[in-house]
Amino acid sequence: MEKAPLGNTDLKVTRLGFGGIPIQTVAGREEALAVVRHAADRGINFFDTARGYTISEEIIGEALEAHRDQYIIATKTPSRDVDGVARDFQTSLSKLRTSYIDLYQFHNVMDEESLTKILAPNGPLEYLQMEQRRGRLRYIGITSHRLETIIKAASTGRFATVQFPFNYIEKAAAEELYPLAHRLGLGVIVMKPLAGGVIRNANASIRWVLSQPISVAIPGMASVTEVDANLAAAAAGAPGPDELADLERDLREIGPTFCRRCGYCMPCPEGIQTNFIASSELFFKRSGWGRLTKAHLQTFDKGLDCQACKTCEGRCPYGLPLSEMVPAISRRMLDHINELGLKPER
Ligand code: SF4
Ligand code: SF4
């Protein structure tokens, strides 16, 4: 499979990588291991996971352990202080069954305050640089859903890679982030190349993303069939007119209510977690309904209190009709939980 340099690093990644979120939802450990091994056997060499993806690190670590040096493993920490990052890093090494990690990323950095903590003298970034000197880490990256934050992070020149959502519905990264990353020699990792699964023609979506100036796209894969389908798309080249028409239709029909998880709509004067609710159906569908907690139920209950003041709508750069969406999604989530008889984990 075609490989590309990951920015100025010495890593050569297959342009189709393996996104480690949906592997959490596969029923049965052996089945999950088989999916990862199939992806590796078929030539994918870049595997992205995170501390926050429950068993994903464990599954990827076990599946790749026998031929560790042939693969590039990226994972992430949600921590923003040295103790937390040190603990997470050690746990990742252990769960991934490896003596080194290729790329350790600060996960979903959403505001300037978090970025400042990460970059502080003797802070988390310097801790990871020490792990680089010890030979336990090769490169440090950052991920976000908020464009202004990741642009700011990229501009510091202190990260080797940036990871941000990019697909036919969410193209904003191409305007400023990608030119900046290319100028600075940063690797560009695309999360959510299928918009979290909402783009209906997955083949067209992968083909379009891979035709853009990116290093690697990491669709989540939860079955051998999905691995094969993504590989076929990656081999097919840029989309033709029919595929582009499908993508245009999704942009028209899905784009107007598609939440990009950027958080600009917050805070809500009623204390409603608008951004979480707006993206929740997709999140739980991808990462597993079993992740619902009692706190989430309260969140959706609270969503029913929306007063339709439209404060959040005025802030959402994508013009989402949140005063309608928030109570409607909250109701659907509560009904869904009820219908499925799902029990919260905690
Ligand atoms: S419209 Fe509803 S969710 Fe949005 S800010 Fe007002 S009360 Fe909160
Ligand atoms: S509702 Fe709009 S502002 Fe809020 S997280 Fe989603 S896309 Fe961003």
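This is a guided tour of the structure above, stop by stop.

The model is predicted, so to speak of a local feature a pLDDT of at least 70 is needed, side-chain atom pairs count only at pLDDT 80 or more, and totals for chains, interfaces and linings use all residues. Residues are numbered from 1 along each chain as its sequence is written, chains are lettered from A and ligands numbered from 1 in the order in which they are written, and side-chain values use heavy atoms, with hydrogens and water left out.

**Stop 1: Thr25**

Select Thr25, in the loop between β3 (18–19) and α1 (29–41). Helices (H or I, at least four residues) and strands (E, at least two) are DSSP runs, numbered from the N terminus. Thr25 has a relative accessibility of 35% and counts as partly exposed. On this scale, buried means under 20% relative accessible area, exposed means over 50%, and partly exposed lies in between (1.4 Å probe, protein chains only).

Which residues does Thr25 touch, not counting residues up to four places away in sequence? They are Ala222, Arg286, Ser287 and Gly288. Contact here means heavy atoms within 4.5 Å.

**Stop 2: Arg97**

Go to Arg97, in the loop between α3 (82–95) and β6 (101–106). Its phi is near 55 degrees, a positive value in a residue other than glycine. Arg97 is partly exposed, at 39% relative accessibility.

**Stop 3**

Select helix α4, residues 112–119, and find Ser114 in it. Is Ser114 buried or exposed? Ser114 is buried, because its relative accessible area is 15%. Apart from neighbours within four places in sequence, Ser114 is in contact with Arg80 and Val109.

Next select Pro121, in the loop between α4 and α5 (124–134). Pro121 has a relative accessible area of 68%, so Pro121 is exposed. Pro121 and Pro165 are 44 residues apart in sequence and 29 Å apart in space, C-alpha to C-alpha.

**Stop 4: helix α6**

Select residues 147–155, which form helix α6. The buried residues of α6 are Leu147, Thr149, Ile150, Ile151, Ala153 and Ala154. An α-helix has 3.6 residues a turn, so residues three or four places apart point the same way.

To see what covers the buried residues of α6, show α4, β7 (137–143), β8 (161–165) and α7 (177–184), which are included in the cover. Just after α6, Gly157 takes a positive phi of about 70 degrees.

**Stop 5: the loop between α10 and α11**

Move to the loop between α10 (241–254) and α11 (274–287), where Pro267 is found. The peptide bond from Met266 to Pro267 is cis, with omega near 0 degrees. Arg261 is found in the loop between α10 and α11 too. Arg261 is not a glycine, yet its phi is positive, about 65 degrees. Arg261 counts as buried, at 16% relative accessibility.

**Stop 6: ligand 2**

Select ligand 2 and the 13 residues around it; Cys259, Cys262, Gly263, Cys265 and Cys316 come nearest. A residue is near a molecule if one of its heavy atoms lies within 4 Å of it. Cys262 is buried at 8% relative accessibility, and Cys265 is buried at 9%.

By class, the shell around ligand 2 has nine nonpolar, two polar and two charged residues. Ala, Val, Leu, Ile, Met, Phe, Trp, Tyr, Cys and Pro count as nonpolar, Asp, Glu, Lys and Arg as charged, and the others, Gly among them, as polar.

**Stop 7: ligand 1**

Select ligand 1. Which residues surround ligand 1? They are Cys268, Pro269, Glu270, Thr274, Cys306, Gln307, Ala308, Cys309, Lys310, Thr311, Cys312 and Ser323. Six residues of this shell are nonpolar, four are polar and two are charged.

With the cysteines on view, how many disulfides does a search of the whole structure find? The search finds zero disulfides, where a disulfide is a pair of cysteine sulfur atoms within 2.5 Å.

**Stop 8: Leu297**

Finish at Leu297 in helix α12, residues 294–303. Leu297 is partly exposed, with a relative accessible area of 23%. Select Asp41 as well: Leu297 and Asp41 are 256 residues apart along the chain, and their C-alpha atoms are separated by 41 Å.
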